[in-house]
Every structure is written in C-alpha cells, then in structure tokens.
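Morning, everyone. Please have a look at the model on the screen, and then I'll walk you through it.

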Amino acid sequence: MPAPAAVRPSTTSRLEATFARLRGRGERALVTYFTAGDPSLADTRLLVVEAERRGADVVELGVPFSDPLADGPVIQRAAMRALAAGTTVLRVLETVATLRAEVSVPLVLLTYYNPVLAFGLKAFARTAAGAGVDGVIVADLPPEEADPLAAEAEAVGLDLIHLVAPTSTPPRVRLIARRSRGFIYVVSLTGVTGERQELPPDLAAQIRALRLVTTKPVCIGFGISTPAQVAAIGRLADGAAVGSAIVRLVEERAGSPTLVEDVGTFIAELKAPLRAGLGDPPQTGGDPPQTPPAVGAASLHAAPRRGA
C-alpha cells in the first residue's frame, strides 16, 4: 500500500478534466460500475483495464458492505460474494494503487459511511488519494452531515460526489449542486439499484431543474441497462452510469475464460451511442434563480441511493 498522500495541489481534478474533454468533443461519459472483489480482486483489476480499453470514461468500484441497504439483489449478491472472498476496504485501495499504474480513467469509490468511519476519515481520505482514487460517493451520507469527510477529502484533492434523487426538494438540490465535486450523480428513480424496462417519464424535468442551479457535469444512474437507454440519457445529461447490468453479466460469466472479453464487448455496446457528434448537452443557461422548480415532494433524510 502506498504511503498516505500529501496534500494535492489545487488543480483541475481528473474527473473535471475528463468531463471537459468529452464535452469539447460533443461526447458523453460512460460510467461503469463493478463490485470490487467480485468474483475476485484480480478479476476486478482485469475488468477495469478492459473497461477503459472498450470505452468506459469513469469507473466506479463498489466497496462491499454487509448491509447494502441501497442496492438491489444483483449488487447485494456481488457484495456478499466479495466479502466472503475476503475483500476489505484496504484491499480495495491496494487494488486501486495497482490499477493506477495501468489505467488513466478516473476511479471513483462507491461505499457506505460505516466502512469509511471505521477506517478513520482522515486515514481514508489520505490513503484513497495516495492510491489514486479520484472521487468518492458515500451512499448513506447526507450532504448536511458530510462536512467532516468533505474537509478531509478536499485537503487531499479527493472529489466527494453527492447524489440527487427524484424526491430531493429544491433547497436540497441547491445544496447538493453546491457541494458535489467532480460531477453530480442523479438517481433516476426511487428505490434500490437494478435494471428497469423503462426510464422515468419525468427524468427530463428533473435534469432541467438541476441545470437551473449548476453548470457542473450531471450523470444519471439507476435503472440504466441497455444501449437504447444509454442513448436516451445521452440526450439529457453529461454521462450515463450503468451498474447492475454489468454486475449481472460478471455474475453470469464468473469462472469463464471469456469473462473479461464478454464484459468488454457489452461496455463497447453501451459506449457507442455516447460517442462524438451529440453536441453539448441541453443547458438551461443564465444565472441560477433564487428558487428552482421542484423536483420532488419529500426531503431525503439520507443521501439518495447508490449504484446504477
């Protein structure tokens, strides 16, 4: 494990640079999710390398946790397998350190607050940054309670990414937009992670409301599982996040000699509709109003859900 990172200079993060480069090309980001350690950490490393080769622009690594309340059955099963195989936060960070010498794609950890708190906020932020992690999403950490971790993350140049849900009130949307770094993760629906047949009909309105209060990149996740759905997301946002469909394919191909190749082929199919030529994503423009349109009725007491 590398030594904890010194404070990074205040420069553009790898996530910010990636989204700026894609926007300049009229391209959208494909954000791919893997549960770290499923079926093994060695396989995770190979899958991430292949994901970048086949078009993934950002890779999220889920840190397996014993009580993944935001995840649907596919990612829950993956987390349980990874834990049974001995995956820990430290081993995930060691894998990231190895990967950082092999890939240039931004690496984002998706986790819950309990493992981070147990590791120690300062130790987690410094060790993650030292390993080459670019951003962190903590699924059950509300932005109102995120200041201690945010301070440690900012000190080492780690982007703390927050999530917006359909139920987020206008004040919370403004708060999340202001505090999120790297990009803003839009949860497209209420409920847990998992594949869905259709995207929510009010998703465009949700994105328009968010665009009124921020110019930061916006990625949409949860329920996105097919190239057609990815194409629809590409017409609305800066990126599409796909998780459960990839994790299910890993589950189905685990132990097969074609695991990495099959997942890579699927990732290439997902990236194809996001390639150059789409132009800039729709922007609201102008200065943010004092009160943006509502995007939901109820305030979340915990951060919106994780995954894709």
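What percentage of the residues of the chain count as buried? It is 54% of the 308 residues. Keep in mind that this is a predicted model. The chain has 12 helices and nine strands. Now the contacts. Take those between residues at least 6 apart in sequence. Of these, 79% join residues at least 24 apart.

Let's start with helix H1, residues 14-24. Which residues of H1 are buried? They are Leu15, Thr18, Phe19 and Leu22. Now look down the axis of H1. The buried residues fall within an arc of 90 degrees, so they line one face of the helix. Turn to the face pointing away from that buried side. There you find the exposed residues Ala20 and Gly24. Just after H1 comes Gly26, with a positive phi of about 65 degrees.

A pair of aromatic rings is described by two things: the distance of the centres and the angle of the planes. How many aromatic pairs does the count give? Four. I'll show you two of the pairs.

One of them is Phe19 with Phe183. Their centres are 5.5 Å apart, and the planes make an angle of 50 degrees. This pair is tilted. Where do the two partners sit? Phe19 lies in H1, while Phe183 is in the loop between helix H8 (170-179) and strand S7 (184-187).

The next pair is Phe119 with Phe124. Here the centres are 6.1 Å apart. The planes stand at 80 degrees, and over 60 counts as edge-to-face, so that is what we call this pair. Phe119 is at 26%, so it counts as partly exposed.

Phe124 also takes us to our helix pair. It belongs to helix H6, and it takes part in the contact with helix H4. H4 covers residues 89-100, and H6 covers residues 121-131. At what angle do H4 and H6 pack? About 30 degrees, with their axes 8 Å apart. Angles under 35 degrees count as roughly parallel, so H4 is roughly parallel to H6. From H4, the contact uses Val89, Leu93, Val96, Ala97 and Arg100. From H6, it uses Phe124, Thr127, Ala128 and Ala131. What kinds of residue are these? Seven are nonpolar, one is polar and one is charged.

Last topic: the backbone. Most residues other than glycine have a negative phi, and most peptide bonds are trans. Here are two spots to check against that.

Go to Asp38 and Pro39. A cis peptide bond joins them, with omega at about 0 degrees. Pro39 lies in the loop between strand S1 (29-35) and helix H2 (41-53).

Now find Phe222. It is not a glycine, yet its phi is positive, at about 80 degrees. Where is Phe222 in the chain? In the loop between strand S8 (218-221) and helix H10 (227-234). Phe222 is buried too, with a relative accessible area of 0%.

Key: Residues numbered from 1 in each chain as written. Predicted model: local features only at pLDDT ≥ 70, side-chain atom pairs only at ≥ 80, totals over all residues. Heavy atoms only, no water. Axes fitted to C-alpha atoms, helices over the stretch in contact; angles between N-to-C directions. Helix = DSSP H or I, 4+ residues; strand = E, 2+ residues; numbered from the N terminus. Parallel < 35°, antiparallel > 145°, perpendicular 65-115°, else oblique. Contact = heavy atoms within 4.5 Å. Nonpolar A, V, L, I, M, F, W, Y, C, P; charged D, E, K, R; others polar. Phe/Tyr/Trp six-rings, centres within 6.5 Å; stacked < 30°, edge-to-face > 60°. Buried < 20%, exposed > 50% of the residue type's maximum accessible area, 1.4 Å probe, protein only. Arc of directions from axis to C-beta.
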